[in-house]
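Visitor: I'd like to go through the side-chain contacts in this one. Can we start with the charged pairs and then move to the rings?

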Amino acid sequence: MQALPTLGSLLVLTSLLHSTISARNWTPQQHAVLDRLDECVQAGLDRNRTVELSCFHRDFSGWRNDMPSLRDGPFVLDEIERSYSEPQSETLVDFSIQPLDVDIYGSIAIIHHYGYYYMRPEGGETVMRRSRWTDIMLNEGGRWAWIADHGGTDPGNPVTPAN
């Protein structure tokens, strides 16, 4: 019988923690970083090549969970260019970002977040994929751009139908 109050306490604590994270008051600097992150992801949704390319610093390197090695700036730029010229097997129909933490150190920002991507395979129904990322952005000339990242599909969250 002792386990029940402990489980109840854990559920209350978990919901309070989630509420605290979701309702966090971001500083104006943190908002600027999150707005840029949102703009960069939205550029992919809108297929806005100019904005999407501006989101990556020339010295970018990153590591997706599903890749055996680092991606560098030229690789990512080629990947973006290919995405505009090759037919896509699925379409990004919507997304949302759930920031967990944003730390800013001068011109460097470190963002930990979940990404929720709603994808529609050709001829199929929309599904939601959750990813988790650590992004590092550099501010040069007043514009934030990815200089590094690490993340990818959240292995603890399988693809689910989007209702």
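**Side-chain contacts**

Guide: Arg130 and Asp154 form a salt bridge through their side chains, at 2.5 Å from N to O. A salt bridge here is a side-chain nitrogen of Lys or Arg within 4 Å of a carboxyl oxygen of Asp or Glu. This is a predicted model, where local features need pLDDT of at least 70, side-chain atom pairs count only at pLDDT 80 or more, and totals for chains, interfaces and linings use all residues. Residues are numbered from 1 along each chain as its sequence is written, and side-chain values use heavy atoms, with hydrogens and water left out.

Visitor: Where do Arg130 and Asp154 lie?

Guide: Arg130 is in strand β5 and Asp154 in the loop between β6 (143-153) and β7 (160-161), so the pair ties together parts that are 24 residues apart in sequence. Helices (H or I, at least four residues) and strands (E, at least two) are DSSP runs, numbered from the N terminus.

Visitor: Are Arg130 and Asp154 buried or exposed?

Guide: Both Arg130 and Asp154 are buried. Buried means under 20% relative accessible area, exposed over 50%, and partly exposed in between (1.4 Å probe, protein chains only).

Visitor: Which residues are in the network with Arg130?

Guide: Arg132 and Asp154, joined to Arg130 by salt bridges that share partners.

Visitor: How many salt bridges are there by this rule?

Guide: Five. One of them pairs Glu140 with Arg58, at 3.4 Å from N to O. Glu140 belongs to strand β5 (residues 127-140) and Arg58 to strand β1 (residues 56-64), 82 residues apart. Arg58 is exposed at 60% relative accessible area, while Glu140 is partly exposed at 38%.

Visitor: OK, rings. How many aromatic pairs does the search of the whole structure find?

Guide: Three. Among them, Phe56 and Phe60 have ring centres 5.1 Å apart and planes at 90 degrees, so this pair is edge-to-face. Rings of Phe, Tyr and Trp (its six-membered ring) pair if their centres lie within 6.5 Å; planes under 30 degrees apart count as stacked, over 60 as edge-to-face and the rest as tilted.

Visitor: What are the relative accessibilities of Phe56 and Phe60?

Guide: Phe56 has 17% and is buried; Phe60 is also buried, at 1%. Ring pairs link Phe56 and Phe60 with Trp146 in a cluster.

Visitor: What sits over the ring of Tyr114?

Guide: The charged end of Arg130, 4.3 Å from the ring centre. The criterion is NZ of Lys or CZ of Arg within 6 Å of the ring centre and within 35 degrees of the ring normal.
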